[in-house]
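Q: I've got a model open and I'd like to learn how to read it feature by feature. Can you walk me through it?

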Amino acid sequence: MTTQEAGPDSDFRQQVVDTMTAVLARLLDHPEPITENMRLMEELGLSSTLGLELLLELEDQLEILIDVEQLGPDQMGTVGDMATFVAGHSRPA
Amino acid sequence: MTALEAVSVYLPPGRIPIENLAGRLGLSDMQVKLFHRFHGLRTVGRDPQASLYDLLLHAATGLDALRGQEHRVRYVLHARAMPVVAAYPANPLHDLCRALGLGHALAFTVTHQSCASGLLAIDLAGRLLATDTAGQPAGEPEPLALVLCGEKAFTRDAELFPDTTVFGEGASACLVSAAGARDRLLAYACQVRGEFDSATGENDARLQREYRPTLAAVIRQALAEAGTALDDLRLILPHNVNLVTWQRMCLLLGFPRERVLLDNIPTSGHVFCADMFANYRTACDRGILQPGDRYLAAAVGAGGAATFAAMVFEH
């Protein structure tokens with residue numbers, strides 16, 4: 001798996017975005033399409049608890065382990081920010 | 001200066017896997033997975049045969065420094081997360097005082113700061129003793145206080161804080177003096193936030209957002225009052241709420257995770273007010289704290305309000 005320093009693989013990152021948007025739509029029961037630029041907390045209302053549930057779903061569906069210790073508020077701005085983090089801070093399960 | 005003279009902890013040997021509690025607590029498979037994967041909670045201590053009295057007695061009788069010094073104990077404080085734990089006229093604290101030869105001591109409970117009540121009790125004990133010793137004739141033995149923490153996980157609310165933690169049973173006993181040389185209390189900072197009343201749930205989302213920044217602010221306040229830099233701390237003794245909260249606290253504070261004693265979380269869960277004392281004993285038993293080391297104990301109590309507290313000690 002890639003590291004953030006080297007820049008995450010763009011195909012994998014897109015896979016993360018696609019999975020994230022689908023999971024978020026279901027978790028948040030969001031009627032409109034979810035896009036990369038949407039802000040997770042302020043716009044979508046994602047709580048810390050649901051954020052962890054999202055990460056767990058990503059791990060299960062993408063068969064990865066995410067390095068959550070490095071996940072800070074800066075990486076949880078938009079859907080795209082978090083996808084970049086996950087793509088750069090994960091390894092095969 | 002308030003000091004901890006001795007600390008004893010009792011954690012029941014029996015451990016129950018979190019998944020075994022799922023049916024009774026109404027946890028979904030996803031919630032159990034979250035507890036395992038991110039919260040780092042695997043098992044909690046339970047002793048169905050032991051009463052609250054039994055838990056407290058186990059902890060207190062492990063306090064070797066108390067033997068022969070009972071006459072010096074003026075106060076017995078029971079710090080609890082749960083305001084009510086026994087039906088009138090049962091009073092486990094008074095029963096315990098009689099059994100320990102402490103019937104002469106003024107005994108009372110310290111509640112309403114939930115799991116942060118234990119730190120408040122240390123501060124209260126030290127201040128009561130300091131007032132007493134101020135007017136004490138020279139040559140009289142220094143008075144002591146016994147601070148007890150311990151609870152039974154006896155209702156669903158006492159077993160589980162949803163999506164956050166699972167409580168484990170256990171107890172601690174701590175002998176406090178007003179001017180001891182061991183584990184001297186350098187500073188205590190506390191912030192009570194009444195708007196975060198979990199009974200209404202109105203501000204739960206805001207509490208989630210403000211939880212870590214508020215605790216970080218209280219920690220920084222305690223450090224400033226102690227004249228201690230964060231980097232100079234040998235160790236943080238956390239409340240055992242869960243792993244991910246402290247992993248993120250470390251990021252927020254800029255403090256190495258290796259210097260936060262998180263080892264008891266997976267096996268014991270969140271032992272109400274006794275976490276700090278259990279973690280202190282683990283640190284001492286492993287020789288992590290050396291004389292002169294400064295360390296910080298942190299606690300958050302969530303319930304009728306949210307209380308954020310931190311204490312800085314010198315070992």
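Q: Let's pick a spot in chain A. Where is A:Glu63 found?
A: Look in the loop that links α2 to β1 (64-66) of chain A; A:Glu63 is there. Keep in mind that this is a predicted model.

Q: What is the average pLDDT of chain B?
A: Chain B comes out at 95, and 100% of the residues score at least 70. For the complex, the predictor reports an ipTM of 0.83 and a pTM of 0.92.

Q: Now helix packing. At what angle do α1 and α2 of chain A pack?
A: You want an angle, a distance and a hand. Helix α1 (residues 10-27) and helix α2 (residues 48-62) of chain A meet at an angle of about 130°, and their axes are 10 Å apart. Because of that angle, α1(A) counts as oblique to α2(A). The hand of the crossing between α1(A) and α2(A) is right.

Q: Which residues of α1(A) meet α2(A)?
A: From α1(A) you get A:Gln15, A:Val16, A:Thr19, A:Met20, A:Val23, A:Leu24 and A:Leu27. Facing them from α2(A) are A:Leu50, A:Glu53, A:Leu54, A:Glu57, A:Leu58, A:Gln61 and A:Leu62. By class, the contact of α1(A) with α2(A) holds nine nonpolar, three polar and two charged residues.

Q: Let me try a pair in chain B. At roughly what angle do α7 and α8 of chain B cross?
A: Roughly 60°, for helix α7 (residues 204-226) and helix α8 (residues 243-253) of chain B, whose axes come within 10 Å. So α7(B) is oblique to α8(B). Here the crossing of α7(B) with α8(B) is right-handed. B:Arg212, B:Leu215, B:Ala216 and B:Ile219 of α7(B) make the contact with B:Arg248, B:Met249, B:Leu252 and B:Leu253 of α8(B). That contact between α7(B) and α8(B) has six nonpolar and two charged residues, with no polar ones.

Q: How many residues are in contact between chain A and chain B?
A: In general, the size of an interface is often given as the accessible area lost when the parts come together. Here we can count residues instead: nine of chain A touch 13 of chain B. The chain A side has three nonpolar, four polar and two charged residues.

Q: At roughly what angle do α2(A) and α2 of chain B cross?
A: At roughly 90°, with the axes of α2(A) and helix α2 (residues 29-37) of chain B coming within 10 Å. That makes the two, α2(A) and α2(B), roughly perpendicular. A:Leu52, A:Glu53 and A:Leu56 in α2(A) meet B:Met30, B:Lys33, B:Leu34 and B:Arg37 in α2(B).

Q: Last one: which domains does chain B have?
A: The domain assignment gives domain 1 (3-177) and domain 2 (184-314) of chain B. Their centres, over C-alpha atoms, are 17 Å apart. Domain 1 of chain B puts 41 residues into the contact, and domain 2 of chain B puts in 35. Elements giving two or more residues to the domain 1 side include β1 (3-10), α5 (117-134) and β9 (170-177) of chain B. The largest share on that side is from α5(B), with seven residues. By class, the domain 1 side has 20 nonpolar, 16 polar and five charged residues.

Methods:
Residues are numbered from 1 along each chain as its sequence is written. Chains are lettered from A and ligands numbered from 1 in the order in which they are written. This is a predicted model: local features need pLDDT of at least 70, side-chain atom pairs count only at pLDDT 80 or more; totals for chains, interfaces and linings use all residues. Domain bounds come from an automatic or database domain assignment. Two residues are in contact if their C-beta atoms, placed from the backbone, lie within 7 Å. Helices (H or I, at least four residues) and strands (E, at least two) are DSSP runs, numbered from the N terminus. Ala, Val, Leu, Ile, Met, Phe, Trp, Tyr, Cys and Pro count as nonpolar, Asp, Glu, Lys and Arg as charged, and the others, Gly among them, as polar. Axes are lines fitted to C-alpha atoms, for helices over the stretch in contact, and angles run from 0 to 180 degrees between N-to-C directions. Angles under 35 degrees count as roughly parallel, over 145 as roughly antiparallel, 65 to 115 as roughly perpendicular and the rest as oblique. A crossing is left-handed if the near helix is turned anticlockwise from the far one by less than a right angle, and right-handed if clockwise. pLDDT is the predictor's confidence in each residue, from 0 to 100.
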